[in-house]
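Here is a short report on one protein model. Look at the structure first, then read on.

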Amino acid sequence: MADRRYVIVGNGFAGTTCAEQLRKLDPACSIILFADEPYCLYNRIALPPMLRKQVTEQKVIMRDLAWHEKHGIDLRLGTRVDAVDTAGKTVTANGSAYPYDALLLATGGRPNPAASPGAAGAHNVYNFQYLDETKAISEALETAKVGVSVGGSFIAYELAEAFVSRGVETHWLIRGPRFLRRMLDEAAGELLHDAARTDGVHLHFGEEVREMVRSNGAVSKVVTTSGTTIDTDLVGIGLGLTINLELCEGTEIRTRTGIVTDEHLETDVKGVFAAGDCAEFYDPIAEQHYRMGTWNSAGAHGKLAAHNMAAAANGAERKVFDTVPEYSSLVFSGQTITQFGLSPEYRDDIETEMHVDRDRGWYRALYFLEDRFVGAVLIGKGNRAGKRRYLDAIKTKARFPKADRKALLDWTAD
Ligand SMILES: Cc1cc2nc3c(=O)[nH]c(=O)nc-3n(C[C@H](O)[C@H](O)[C@H](O)COP(=O)(O)OP(=O)(O)OC[C@H]3O[C@@H](n4cnc5c(N)ncnc54)[C@H](O)[C@@H]3O)c2cc1C
């Protein structure tokens, strides 16, 4: 068989991990890795610590050009793929067509801009997804006295935490009644809000931006829907992602909330795979399709996609996705939040067994679908001892009738 040609679109953690694995699994192949950003792989989850000045840019960059050369990965930085032709098996970039035998789409998502009047084009309104944005926000924080973070997402939280940790008076506008309202209930929200207030963040619930008032091209005031006016030096926006699906338009590749794949991460078009934030994949453990925008999932996807892309060449058995997705983050100085498996964010027929221990600052919610244990959210310090046991129970699809569920809460302190 002639040497296989692999093309990967997107050099985030999913795309670069896939390229690295392909080199190992299929030494004779050619790999082209397209990246529309000007950087080799960097650690997106290290951008918040970089903004807080806890790590340097140097530490955030994970790969360099020499690494790609050594691994025989033809990295095309600053090169956007404009189209995919699944019949002709090519992608087009800068007017040239690149043939592939197997293609990975690892295009991630782009942050939604602020839609409020006055926001467009203002030079002190920032999203927080890319290294370039991180550098620009960091520079603005050098002189800022007041900052406003907008949104109820993890990104808006990261912005609020960075602003306050850099000594800036911080206002956080949340449209709903709490942070992460689709994932957390009121009790969990309260614990996290307490941590935010302890760190000095001014929380504004039920508030959106009505208008951003400009002077000299910059936003100088944020007017909220209730009429409050906040004088500000910068505005950070955390209003979710739009998944990059445009390459699938006009092709047979099916999209929904993401690029739809089977349990092998292969799309409806044979030889075309999707991974990471952009993939709406079938999870055989959860027995459903969903998207999961986490660092670990991106890496696990990249690895699995490489295995299944190379299987056609090296004769290996194809593998299915068998990882329980997991997300963990420090939330302000006092709290850690860990989520694994499914939560009410993913489906509304989930039943919750929940316990709050205010003295210890613990919140534990366990999630069940019928009697099957499917996921959990743990907030607090020192309540993750039983995590491995929980993950095993999810993987083995263990069932717990209602009467037995409370006992599972004790695993956290095992
Ligand atoms: C500030 C921040 C903090 C985070 N913190 C956490 C955390 O604590 N824990 C956690 O688990 N997750 C966290 N995440 C999420 C995590 O970083 C992502 O889930 C993960 O990086 C996704 O990787 P990916 O490879 O799928 O996509 P991305 O990293 O988005 O990479 C996709 C790349 O493809 C490029 N691209 C898109 N279209 C094209 C095209 N047509 N041609 C060429 N290139 C293209 C994009 O520009 C991008 O560079 C955080 C994210 C951010 C932004």
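## Two helices in contact

In this predicted model, helix α1 meets helix α8. From α1, the residues in contact are F13, A14, T17, C18, Q21, L22 and L25. Their partners in α8 are W295, A298, G299, G302, K303, A305, A306, H307, M309, A310 and N314. By class, this contact has eleven nonpolar, six polar and one charged residues.

How do the two helices cross? Two packed helices are described by the angle between their axes and the distance between the axes. Here α1 spans residues 13-25 and α8 spans residues 295-314. Their axes come within 7 Å. They cross at roughly 35°. The crossing of α1 past α8 is right-handed.

## Domains

## A cavity

Rolling a probe the size of a water molecule over the atoms shows where empty space is left. This structure holds one cavity of 30 Å³ or more. The largest cavity has a volume of about 60 Å³.

Which residues line the largest cavity? They are D283, I285, A286, Y290, T323, V324, P325, G341, L342, R372, V374 and I394. The lining divides into eight nonpolar, two polar and two charged residues.

Where does the largest cavity lie? Domain 1 and domain 3 both give residues to its lining, so the cavity lies between them.

Definitions and conventions:
Residues numbered from 1 in each chain as written. Predicted model: local features only at pLDDT ≥ 70, side-chain atom pairs only at ≥ 80, totals over all residues. Heavy atoms only, no water. Axes fitted to C-alpha atoms, helices over the stretch in contact; angles between N-to-C directions. Helix = DSSP H or I, 4+ residues; strand = E, 2+ residues; numbered from the N terminus. Left-handed = near helix turned anticlockwise from the far one by under 90°. Contact = heavy atoms within 4.5 Å. Nonpolar A, V, L, I, M, F, W, Y, C, P; charged D, E, K, R; others polar. 1 Å grid on protein atoms, 1.4 Å probe; cavity = no way out; pocket = protein on both sides within 12 Å on 5 of 7 lines; lining within 4 Å. Points joined across faces, edges and corners; volume = space filled by probe spheres on them. Domains from an automatic or database assignment.
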